[in-house]
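Subject: Structure handover

Hello,

Here is the structure I said I would pass on. My notes on it follow below.

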Amino acid sequence: MRGGTHDAIARAQVFFSSAPLAAAFTVVAVGVAFGHHFIVSLIGHAGHAAMLGGLVVIAAAALVARLPSIEWRGVLPISLLAFLAWCAVSIVWSRSPLATIPAVLEQLAWAFLAVVIALIRDTIQVVRAVGNAMRALLGLSLAIEVLSGVLIDMPIAFLGVSGNLAIGGPLEGVFGTRNALGLFALLAIVTFVVEWRTRSVRVGVTIGSIALATGFAVATRSPTIALVTLALALATAVLYGLRQIGAEARRMWQWVLLVTVVVLGLIAYAFRTEILVALGIGSEIEQRYALWGHMLDDVAGNSLNGWGWVGPWVANEPPYVAINAITGVVNPSGQNAYLDVYLQVGLIGLLLFLVLCGLAFTRTWLIASNRRSVVFVWAPLILVVLFASATAESRLLVNAGWLLLVVCAVQGAHGLSWRRKLPVG
């Protein structure tokens with residue numbers, strides 16, 4: 001009996017530590033993260049939560065099976081642990097504890113999945129998983145847009161598809177809104193290009209994937225996505241230039257780049273209204289300005305610790321019910337990830353979040369600048385898209401956005417954490 005038990009445990013360990021299971025698990029986890037809106041529209045939040053719970057169980061088993069071979073020094077960023085801890089502690093002072101508890105559990109679940117993915121898969125394998133998941137979701141989006149906009153010529157309301165394919169957009173795909181489709185299409189473009197440069201997939205598949213993602217990004221007709229695309233193009237050009245020069249010159253130009261970005265950021269903030277008007281998106285941003293103003297008013301009394309973490313807004317809980325009543329719109333979020341963090345977990349939480357984002361970007365950017373393999377450019381460019389879009393969306397904080405942020409943060413810490421220089425003992 002005892003021998004049979006040992007054999008079963010050994011077989012389970014071999015199964016959960018196998019490469020095929022790790023590959024399938026990563027693709028499914030990424031697909032569930034990116035396909036949140038589609039899954040919830042079909043089977044509800046309970047169904048999506050069940051899928052997330054199942055993935056956590058599989059991830060825990062895979063992690064236990066691989067424990068002897070995992071190097072832990074410097075893997076888990078302290079900034080990530082501090083931000084997660086602060087969000088969890090916010091249950092104590094939350095005005096809506098029944099909403100905060102499940103939100104914290106979901107945040108921890110996605111963070112755990114991201115850490116496991118970063119531990120059991122290397123960067124190119126993560127890129128392939130994201131690429132495969134996004135090809136499936138973008139292909140499904142195209143099929144649904146053709147069905148809605150051409151075959152039946154009517155919206156599919158429960159999926160949020162308006163059926164505008166015949167007139168060239170705006171399109172939403174399976175992601176619910178045009179901005180979500182545009183954001184995920186840009187993330188897909190970065191992934192597909194890295195796949196192409198690393199020769200991870202066939203050329204025909206790469207060309208078709210990039211064309212599909214680019215078509216969707218254009219068809220969203222979103223000014224927000226246009227600005228994020230500009231930020232991505234500039235970051236790509238700068239990173240390419242840095243990778244072409246010598247190490248000594250690169251170090252100097254990194255400092256020049258940092259000072260330039262800070263100065264341009266201050267100028268852009270000072271003249272933000274004039275810039276938005278010149279770009280023709282002043283009317284779109286006015287609603288967001290009004291929403292952000294009410295958010296800042298409501299955080300004034302809880303500026304240090306916020307109202308408690310809830311992730312996506314809970315419409316019938318304070319302060320969101322009051323903000324929605326004033327704006328006359330049921331807002332799913334604050335449409336700005338940084339202000340959402342400030343509202344929910346206060347100034348302390350915002351500072352912790354900015355440290356997490358800053359360290360993740362700095363580490364991945366330096367790795368991409370100094371290592372020759374093109375696969376390392378994936379993480380910083382993904383973060384550029386996420387951080388730029390976070391000024392007008394809050395998707396960085398949940399599901400796919402949060403998963404990718406944690407994956408990139410762990411990859412950056414694994415490559416550049418100071419703790420890796422500590423002695424093993």
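Asp153 lies in the loop between α6 and α7; helices here are DSSP runs of H or I with at least four residues, strands are runs of E with at least two, and both are numbered from the N terminus. The model is predicted, so local features need pLDDT of at least 70 and side-chain atom pairs count only at pLDDT 80 or more, while totals for chains, interfaces and linings use all residues. Residues are numbered from 1 along each chain as its sequence is written, and side-chain values use heavy atoms, with hydrogens and water left out.

Phi of Asp153 is near 50 degrees, a positive value in a residue other than glycine. Asp153 is exposed, with a relative accessible area of 57%. Exposed means over 50% relative accessible area, buried under 20%, and partly exposed in between, with a 1.4 Å probe and protein chains only. Ile152 lies in the loop between α6 (123–151) and α7 (178–197) as well, and Ile152 is partly exposed at 40%. Together with Leu147, Val150, Leu151 and Met154, Ile152 makes a nonpolar surface patch of about 460 Å². Patches are made of residues with over 30% relative accessible area and no salt bridge; nonpolar side chains (Val, Leu, Ile, Met, Phe, Trp, Tyr) are joined within 5 Å, and like charges within 9 Å. The areas come from the Shrake-Rupley method with a 1.4 Å probe, and for residues only the protein chains shown count as cover.

Arg199 also has a positive phi, near 55 degrees. Arg199 lies in the loop between α7 and α8 (203–219) and is exposed, with a relative accessible area of 76%.

Next, the charged pairs. The count comes to three salt bridges, a salt bridge being a side-chain nitrogen of Lys or Arg within 4 Å of a carboxyl oxygen of Asp or Glu. Glu195 pairs with Arg128, the closest N and O atoms being 3.6 Å apart; this links helix α7 to helix α6 across 67 residues. Glu195 also meets Arg135 in a salt bridge at 3.0 Å, N to O. Glu195 and Arg135 are both buried, whereas Arg128 is partly exposed at 28%. Glu393 and Arg395 meet in a salt bridge too, at 3.5 Å, N to O.

The largest nonpolar core has 119 residues. Such a core is a set of buried Ala, Val, Leu, Ile, Met, Phe, Trp, Tyr and Cys residues joined through side-chain atoms within 4.5 Å. Helix α14 (residues 337–370) gives the largest share, 14 residues. Phe34, Met134, Phe353, Trp378 and Trp402 have the most contacts inside the core.

Nine aromatic pairs are counted. Rings of Phe, Tyr and Trp (its six-membered ring) pair if their centres lie within 6.5 Å; planes under 30 degrees apart count as stacked, over 60 as edge-to-face and the rest as tilted. Phe83 and Phe353 form a tilted pair, 5.3 Å centre to centre with 45 degrees between the planes. Phe83 is in helix α4 (residues 78–89) and Phe353 in helix α14, 270 residues apart. Both Phe83 and Phe353 belong to one aromatic cluster with Trp309, Tyr338 and Trp402.

Lastly, a cis peptide bond joins Pro318 and Pro319, with omega about 0 degrees. Pro319 lies in the loop between α12 (282–299) and α13 (320–327).

Regards
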